[in-house]
Amino acid sequence: MRGDAIHLDAVTKSFGATPVIDAITATLGGGEFTVILGPSGCGKSTLLNMIAGLERLNSGKIRIGVREVQDLPPKDRGCAMVFQNYALYPHMTVEGNIGYALKVAGVRQPERSRRVAEAARVVELGGLLDRRPSELSGGQRQRVAIARAIVREPRVLLFDEPLSNLDAKLRHGMRMELSQLHRTIGATTVFVTHDQVEAMTLADKVMILNKGRIEQFDTPHAIYYRPASSFVAGFIGAPPMNLLPVTGGGGVLRLDDGTELARNPHEGPAILGIRPEKISIGDKGFAARVVYREDLGSHTAIVARLSGGQEVQVATPIGMHLDPADTITFDFPQDHLHLFDPATGLRLETP
Ligand SMILES: Nc1ncnc2c1ncn2[C@@H]1O[C@H](COP(=O)(O)OP(=O)(O)O)[C@@H](O)[C@H]1O
Ligand SMILES: [Mg+2]
């Protein structure tokens, strides 16, 4: 089964006088895995809750498939939701928890047991149906919550930071499982997170929210290689892209103190973006002084200070010997520059 598309049409929400979601219009593809990513407080949960029907819109419309749903109660929207705190019923077994919604919906035995067993199999909980939540690990509890959502065979699956309570190793395992699950069941999936790794690895498309507005809604590849704004550029990547105020003229971009950073035809002020792993260190370019170094095994991360005092993060291959206070020479390759409008933050297309 392939899930329905979700159409957001000028969806707007404020709490009191505070606007939280500002006229968002977008289509989340049917059967696709969409991740809503953004800093804490940017409106991710509010947007998801409006799709689920847990929060009313101030204005705008939401369609799931061909149906307008903004005035329907949650149970009539064909969505199932998984939260960060799994909220399992402690006195019920795993089987009871997974099957509860079916029981409420009047699905009888043996159909109910068959569907519970199938959902438990998909999340690999098959042997644990008789356990209670207190007898499960955090990862297993999260799987019960996911099984409880998929057992209803929803057309739309909504996740609100479902992995945030798990440790790093489990999160990695669950990412792989969620990705496989999505391929298996084909439901339209909307997944809210503030974790860019989850977004980049799970998503068909990432919606980056900032203060209730969409900064960019595109593939993980496009978000990384062609960030639409300096906000996206500075949000994605670990460490994120370096952003430096420059002025272009005569075919070069300069810092305020006149240092020539790169060749580029842009004229006038701009924000120059360059990723830490794209800066090369060699004998041509401009001077910088190492202020901090971390050997990370796969590479060395350094912080260096430019002549104007700006700090730049650089990732270099391991083996390069650099010490704090060393002076090095940077080159910003022209192919790897990103330019943004200093007034609007929007990407500038260079000729
Ligand atoms: N029920 C509420 N009443 C008032 N303000 C709220 C309510 N829910 C959320 N907010 C505010 O709306 C903003 C967005 O919240 P939320 O959608 O939870 O953000 P996110 O999930 O991105 O962290 C925050 O500033 C939050 O404080
Ligand atoms: Mg939230």
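## Polar contacts to ligand 1

A polar backbone atom of Gly43 sits 3.0 Å from an oxygen atom of ligand 1. The model is predicted. Cys42 also approaches through its backbone: an N or O atom there is 3.2 Å from a ligand 1 oxygen atom. Ser45 uses its side chain instead, with a polar atom 2.8 Å from an oxygen atom of ligand 1. On its own, ligand 1 has 560 Å² of accessible area, and the protein covers 54% of this.

## The shell around ligand 1

Which residues surround ligand 1? They are Phe15, Val20, Pro39, Ser40, Gly41, Cys42, Gly43, Lys44, Ser45 and Thr46. By class, the shell holds four nonpolar residues, five polar ones and one charged.

Helix α1 spans residues 44-52. This helix supplies three residues, the largest share of the shell.

## The domain interface

How many residues of each domain are in contact? Domain 1 contributes seven and domain 2 contributes five. Interface size is often expressed as the accessible area lost when the parts come together. Here, domain 1 and domain 2 bury about 510 Å² between them. Carbon and sulfur atoms account for 57% of that area.

On the domain 1 side, three residues stand out: Tyr224, Pro227 and Ser230. Together they provide 79% of the area that domain 1 buries against domain 2, more than any other three residues.

Conventions: Residues numbered from 1 in each chain as written. Chains lettered and ligands numbered in written order. Predicted model: local features only at pLDDT ≥ 70, side-chain atom pairs only at ≥ 80, totals over all residues. Heavy atoms only, no water. Near = heavy atom within 4 Å. Polar contact = N/O pair within 3.5 Å; in protein donor to acceptor, adjacent residues only side chain to side chain. Areas by Shrake-Rupley, 256 points an atom, 1.4 Å probe, with all protein chains shown as cover. Helix = DSSP H or I, 4+ residues; strand = E, 2+ residues; numbered from the N terminus. Nonpolar A, V, L, I, M, F, W, Y, C, P; charged D, E, K, R; others polar. Contact = heavy atoms within 4.5 Å. Buried area = accessible area lost by both parts, 1.4 Å probe.
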